[in-house]
Structure formats: structure tokens, C-alpha cells
Amino acid sequence: MFASLKIAASFAFVGSVIAESVASNGGMGYLIVVASSNFDVPLAFAGLLALAVLGIVLYGFFVILEKYAIYWAR
């Protein structure tokens, strides 16, 4: 269960950002699209870096939750 939670949470986060880039007027995906269309490369890379960090933090949250929820399995 926790293996699928870790993967699904990360993919859901990425999916929501992709949806924001396609049809939204705000959000991280919209920021990256606008920055790339305005040739603001540092802002686009900062947005991508923020997405990577948030994805890693979300994955780490479920790793820690798994560690405390099923402590007897380790």
C-alpha cells in the first residue's frame, strides 16, 4: 500500500502541474509556460527546480509515514 502511495502521490503532483500548464491562469505549470514563452530562462528553471524539490518532499513524506505506520515490518 505504501509503495503505491509513494508513487501515486508523486505522479498526481506532476499530473496536476501538467494540467496547470495546459489549461490554467495560475499555478506552477502556468508560471513555467509563461516564463518559457517570455524567454525568461532563469525563472523557468527555478520553477522546474521548485517542482523537483516539492516532488522529493512529497515522496519523503510518505517514506516517513511508512516508517512510523508499519514500524514492526522493519
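User: Is Lys6 buried or exposed here?
Analyst: Buried. This is a predicted model, and in it Lys6 has a relative accessibility of 13%. The cut-off for buried is under 20%, so Lys6 counts as buried.

User: Which helix is Lys6 in?
Analyst: Lys6 lies in α1, which covers residues 2-22.

User: And what does the Lys6 side chain pair with in a polar contact?
Analyst: Glu66. The two side chains make a polar contact of 3.1 Å.

User: What else is Lys6 in contact with, beyond its neighbours within four places in sequence?
Analyst: Besides Glu66, Lys6 is in contact with Tyr59, Phe62 and Val63.

User: Switching to α3. How many residues does it have, and how far does it reach?
Analyst: Helix α3 runs over residues 41-69, which is 29 residues. From first C-alpha to last it reaches 42 Å, close to the 42 Å expected.

User: Which residues of α3 are buried?
Analyst: Ala44, Gly47, Leu51, Gly55, Phe62 and Glu66. The buried residues of α3 pack against α1 and α2.

User: How do α2 and α3 sit, parallel or antiparallel?
Analyst: They pack at an angle of about 155°, with axes 8 Å apart. That angle makes α2 roughly antiparallel to α3. The contact uses Met28, Leu31, Ile32, Ala35 and Ser36 from α2. On the α3 side it uses Leu43, Ala44, Gly47, Leu48, Ala50 and Leu51.

User: Is the crossing of α2 and α3 left-handed or right-handed?
Analyst: Left-handed.

Definitions and conventions: Residues numbered from 1 in each chain as written. Predicted model: local features only at pLDDT ≥ 70, side-chain atom pairs only at ≥ 80, totals over all residues. Heavy atoms only, no water. Helix = DSSP H or I, 4+ residues; strand = E, 2+ residues; numbered from the N terminus. Buried < 20%, exposed > 50% of the residue type's maximum accessible area, 1.4 Å probe, protein only. Polar contact = N/O pair within 3.5 Å; in protein donor to acceptor, adjacent residues only side chain to side chain. Contact = heavy atoms within 4.5 Å. Expected span 1.5 Å × (residues − 1). Axes fitted to C-alpha atoms, helices over the stretch in contact; angles between N-to-C directions. Parallel < 35°, antiparallel > 145°, perpendicular 65-115°, else oblique. Left-handed = near helix turned anticlockwise from the far one by under 90°.
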